[in-house]
Amino acid sequence: MLFNKIKKTFHIQTVVLALDFRPLLIIRPPYEECFPFWQLFYVSRGEMAIERDGKIETVHAGEIIFRPPNERSIMHYPDGCELYMSLIDFMSADPELAAFGCHPIALDSRERHLLSELIREAALFYKNMPTEMLWQEMISTALESFLTRLYGRLTGVFSSDDDANRHCVSETVNRINLILEERRFSTITINELSDILGESPNVLMKRYRHEMHESIIEHFLDLKLQSAIQLMLSSDMTFTEIAELLSFSSVGYFSKFFKKRTGLSPTEYCRENGIS
């Protein structure tokens, strides 16, 4: 077993939080922050930066960066650049985590997929699993496996899945993503995309799933969900106003959509997250 050749293991006590902003709608000026737990930032589109002791490290698309507990640093989110960012907060006293350093690390396609699935599952279990300790154990184990594989690849035990084609996404898929981003406050169908791009619906759907590891519709609905959550957090809009802005036919349909994807109604979500 290749994993047996890795000389380090990583122990995660618990995952505190996992968030996936696609896109991050609230862009704040540079600000300082410090937390008593580890943080892992992953950028899938755009870029962000962390300033430590006067030195700025820029994290580009396809890269992660770690921030140790109790480290004061300044966060930079460039204005005018759409940012897709994921964040995992976790508790660990494991000194072996220092092996990842404090500089950006480029992920290969397999690692990007594993991390995306980890965050997706974390959100699902957090909202729907009745036993909190089971959720913590499963997600912590998944994070440990991800870190072990990453360390193995960085030390040469594993080869990269895409050394020759890192961040290679076809022009067609890039265009689909841009169209979905532009239309996230309205509607679009697969047939409309087919007409715009001049390819059959089946070809588009197969190509997108192969390259992005999710369907076009799932990605579009994720955009709407993230937009809804950001509006709840950052505005005084009512659920009816948010539903209308995101082009839902009614606030009732919006509420059903929201509960299906988060496990909570909009009202329950706001109550649990202290949103008045």
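This is a short walk through one protein structure, starting with the whole chain and ending with a few side chains.

Okay, hi everyone. Before we look around: this is a predicted model, where local features need pLDDT of at least 70, side-chain atom pairs count only at pLDDT 80 or more, and totals for chains, interfaces and linings use all residues. Residues are numbered from 1 along each chain as its sequence is written, and side-chain values use heavy atoms, with hydrogens and water left out.

So, the overall picture. The protein has nine helices and nine strands; these are DSSP runs numbered from the N terminus, with helices being H or I of at least four residues and strands being E of at least two. There are 276 residues, and 43% of them count as buried. Buried here means under 20% relative accessible area, exposed means over 50%, and partly exposed is in between, using a 1.4 Å probe and protein chains only.

Now find helix α3, residues 171-182. Its twelve residues should span 16 Å at 1.5 Å a residue, and the end C-alpha atoms sit 17 Å apart, which agrees. The expected span, by the way, is 1.5 Å times one less than the number of residues. Which residues of α3 are buried? They're Thr172, Val173, Ile176, Asn177, Ile179, Leu180 and Glu181. What covers them includes the strands β3 and β8, plus helices α4, α5 and α6, where a contact means heavy atoms within 4.5 Å.

On to the rings. The whole structure has 13 aromatic pairs. Rings of Phe, Tyr and Trp (its six-membered ring) pair if their centres lie within 6.5 Å; planes under 30 degrees apart are stacked, over 60 edge-to-face, and the rest tilted. Take phenylalanine 248 and phenylalanine 254: the centres are 5.3 Å apart and the planes are at 65°, so that's edge-to-face. Phenylalanine 248 is buried at 11% relative accessibility, and phenylalanine 254 is buried too, at 0%.

Phenylalanine 248 also has lysine 224 over its face, 5.7 Å from the ring centre. Likewise, arginine 45 lies over the face of tyrosine 84, at 5.4 Å. The rule is NZ of Lys or CZ of Arg within 6 Å of the ring centre and within 35 degrees of the ring normal. And ring pairs link Phe10, Trp38, Phe66, Phe90, Phe100 and Tyr151 into a cluster.
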